[in-house]
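Colleague: I am new to this one. Could you walk me through how to read a helix and its charged pairs?

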Amino acid sequence: MLRSLSRLYGSCSAPLPSPCDCQAAVAALTRRLPRQSSAPTYSTATSGRRKFYQDVSITQGEGGVYEINLDRRKLKTPGGKLFTVPNEALAVAVATEWDLQKDTLKFYTMHLTTLCNTALDNPTQRNKEQLITAALKFLETDTICYRVEEPQRLVELQRNEWDPVLDWIEKRYNVEIGSSSSLLGPNIPQETKDTFRQHLASYNFWALTGLEFVIAQLKSVVLSFGLIDRHLTVEKAVLLSRLEEEYQIQHWGSVEWAHDYDMFELSARTAAGTLFVHLSSESSTIKRKLLQD
């Protein structure tokens, strides 16, 4: 599932994706999205719309930003702003989402476009510090910090699968997090929160928009950091975020199609958010301006 994106994020040493990489990855992602996500997002529309353009292109505008053109019309946000992105790689990825649409526009497959709209229009009117605070709130209820006391098989599964990730992030950032079987969860030291706040402050507003989106999908700061740092692949992070559900499904079975469907939708949103974070952090400029001739 989503192997194109998984390859991009499967190694800590992997380079940032090029525009061509982005085009291939978004194509794989968009083709396989079956229907609208139930997660509340700031989208360009709530339902499908008949396709009204033939060609998609990108051009560089004033200040070095990139614009998306649908035939000869410039794309705008739901709030009426000119749709601009900070670099060509992200522009190519967004343009690919629009280029892959068929007779009816399926806005629910266009996660990168939605995230750009959110960053540009900022419908909740939050600043960078508020985004960081919202992201850190998930640390207090982080999925992998809450452990069960029974059954023993699930206890061992959580320990074997989640502890290595906790060990990694504690060493990576020199912090203490821990885990707990109490409903109150672990007592996260203030020093840990301060360290993560400082780390998040190194991201720009756009990247924080994507990172908060990823954290909300996984319900985990720890898994999201592992994913953004390329310590985890998309598939691994999603599986770890659903560990208890997967255990229950293996034990009791599942509806024939529902399990794979839910996994795919979560993977699609998580992959798109991760790609958005990395593309929003890219500062290099590439001369090629048009997606299509």
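**Reading a helix and its salt bridges**

Modeller: Let's start with one side chain: R126 is partly exposed, its relative accessible area being 25%. Keep in mind that this is a predicted model.

Colleague: Which residue forms a salt bridge with R126?

Modeller: That is E212, and the closest N and O atoms of the pair are 2.8 Å apart. E212 lies in helix α8 while R126 sits in the loop between α4 and α5, so the bridge ties together parts that are 86 residues apart in sequence.

Colleague: Is E212 buried or exposed?

Modeller: Residues under 20% relative accessible area are called buried. E212, at 16%, counts as buried.

Colleague: How many salt bridges does the structure hold?

Modeller: Nine. Another of them joins D229 and R172, with 3.6 Å between the closest N and O atoms. D229 belongs to the loop between α9 and α10 and R172 to helix α6, so this pair links parts 57 residues apart in sequence. D229 is buried at 15%, whereas R172 is partly exposed at 42%.

Colleague: Now for a helix. Which residues of α7 are buried?

Modeller: In α7, residues 190–200, they are T192, F196, H199 and L200. These residues are on the same side of α7, because they cover an arc of only 95 degrees around the axis.

Colleague: What do the buried residues of α7 pack against?

Modeller: Their partners are α5, α6, α8 and α9. On the face turned away from that buried side, you will find the exposed residues E191 and Q198.

Methods:
Residues numbered from 1 in each chain as written. Predicted model: local features only at pLDDT ≥ 70, side-chain atom pairs only at ≥ 80, totals over all residues. Heavy atoms only, no water. Buried < 20%, exposed > 50% of the residue type's maximum accessible area, 1.4 Å probe, protein only. Helix = DSSP H or I, 4+ residues; strand = E, 2+ residues; numbered from the N terminus. Arc of directions from axis to C-beta. Contact = heavy atoms within 4.5 Å. Salt bridge = Lys/Arg side-chain N within 4 Å of Asp/Glu carboxyl O.
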